[in-house]
Amino acid sequence: MPELPEVEVVRRGLERWVAGRTVTEVQVLHPRAVRRHPAGGVDFAARLEGQRFGVARRRGKYLWLPLADTGTSVLGHLGMSGQLLVQPEEAADEKHLRIRIRFAAYDGDSAAGTAGTELRFVDQRTFGGLSLHDQTPDGLPDVIGHIARDPLDPEFDDAVFQSALRLRRTTVKRALLDQSLISGVGNIYADEALWRSRLHYDRPTATLTRPRSAELLGHVRDVMNAALAVGGTSFDSLYVNVNGESGYFDRSLDAYGREDEPCHRCGTPMRRRAWMNRSSYFCPRCQRPPRTSA
């Protein structure tokens, strides 16, 4: 599933191409795409038409478009294969097009390069979707009010995170994937940050000193910023930006997906272990397992 860098790439595209646009028409082409909007597709379209999008926002892996002056937002759930694409109106429909949002023209369209474009939600596996939600006082859709700030958020509190990490009776990778503790980190970037930190995924959080937890947080930020610089990680054509372009960070991965390949640091073959219905990739020499697991 897309993690913080991939979602941020999409958010930046929406900020450029969609912010300030007024919706004239919404077509819901598959009911599952609005299943998180209990009132259904007709209500979703009716409530969105005539509204103006604000600047796209993100917290962790969650992306939303505020509606100006309404106190509501369109929350995008990308799921396993969801894509938000900005396409010319005359472009052929994608095979798995689920929702189409058309915009009114406005002064400066030609200069901005946005005349005749529409926003499309495309989802091959139909796990994702769009939904309307009231906003909290902080401007978040209410259903994600419990999600912690992410490590690239200027207001992320390093000291609070480090203290909370040590107090958790869990292991370090579980903690990194806990979206109520730190948001935006998924399986790929957890493995990458742990490799850089020389930490085994089963290391108990209680054993991490403050300097070690600070080092880990630094590596989380570094790997996410490196991924952002090249458009995120795209293992297939499903993870793309709003213009349909793939990212290239998969070419720079040090741990994830590299089973039996030599560790980039010591040359030892990388290993993969089943972990919480996922896989963990690690170097058995650089990331030695703890004597006991939490």
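**Ground rules.** I number residues from 1 along each chain as its sequence is written, and I leave hydrogens and water out, since side-chain values use heavy atoms. Because the model is predicted, local features need pLDDT of at least 70 and side-chain atom pairs count only at pLDDT 80 or more, while totals for chains, interfaces and linings use all residues.

**Entry 1, α6 and α7.** I looked up helix α6 (residues 187–197) and helix α7 (residues 210–229), which pack at an angle of about 125° with their axes 8 Å apart. Helices are DSSP runs of H or I with at least four residues, strands are runs of E with at least two, and both are numbered from the N terminus. Axes are lines fitted to C-alpha atoms, for helices over the stretch in contact, and angles run from 0 to 180 degrees between N-to-C directions. I therefore noted α6 and α7 as oblique to each other, a word for angles left over once those under 35 degrees (roughly parallel), over 145 (roughly antiparallel) and 65 to 115 (roughly perpendicular) are set aside. Among the residues that meet, I listed Tyr189 and Leu194 in α6, and Leu216 and Val220 in α7; contact means heavy atoms within 4.5 Å.

Leu4, Pro5, Glu8, Val9 and Arg12 in α1 meet Met224, Ala227 and Leu228 in α7. These contact residues divide into six nonpolar, no polar and two charged, where Ala, Val, Leu, Ile, Met, Phe, Trp, Tyr, Cys and Pro count as nonpolar, Asp, Glu, Lys and Arg as charged, and the others, Gly among them, as polar.

A cavity is a set of points on a 1 Å grid over the protein atoms alone where a 1.4 Å probe fits but cannot get out, whereas a pocket is an open set with protein on both sides within 12 Å along at least five of seven lines, and lining residues have an atom within 4 Å of a point. The second largest cavity has a volume of about 60 Å³, volume being the space filled by probe spheres set on the points, which are joined across faces, edges and corners. Its lining has 11 nonpolar, one polar and no charged residues, and includes Phe53, Trp64 and Gly76.

**Entry 4, the second largest pocket.** This pocket has a volume of about 190 Å³, and its lining has four nonpolar, no polar and eight charged residues. The largest share of that lining, three residues, comes from β2.
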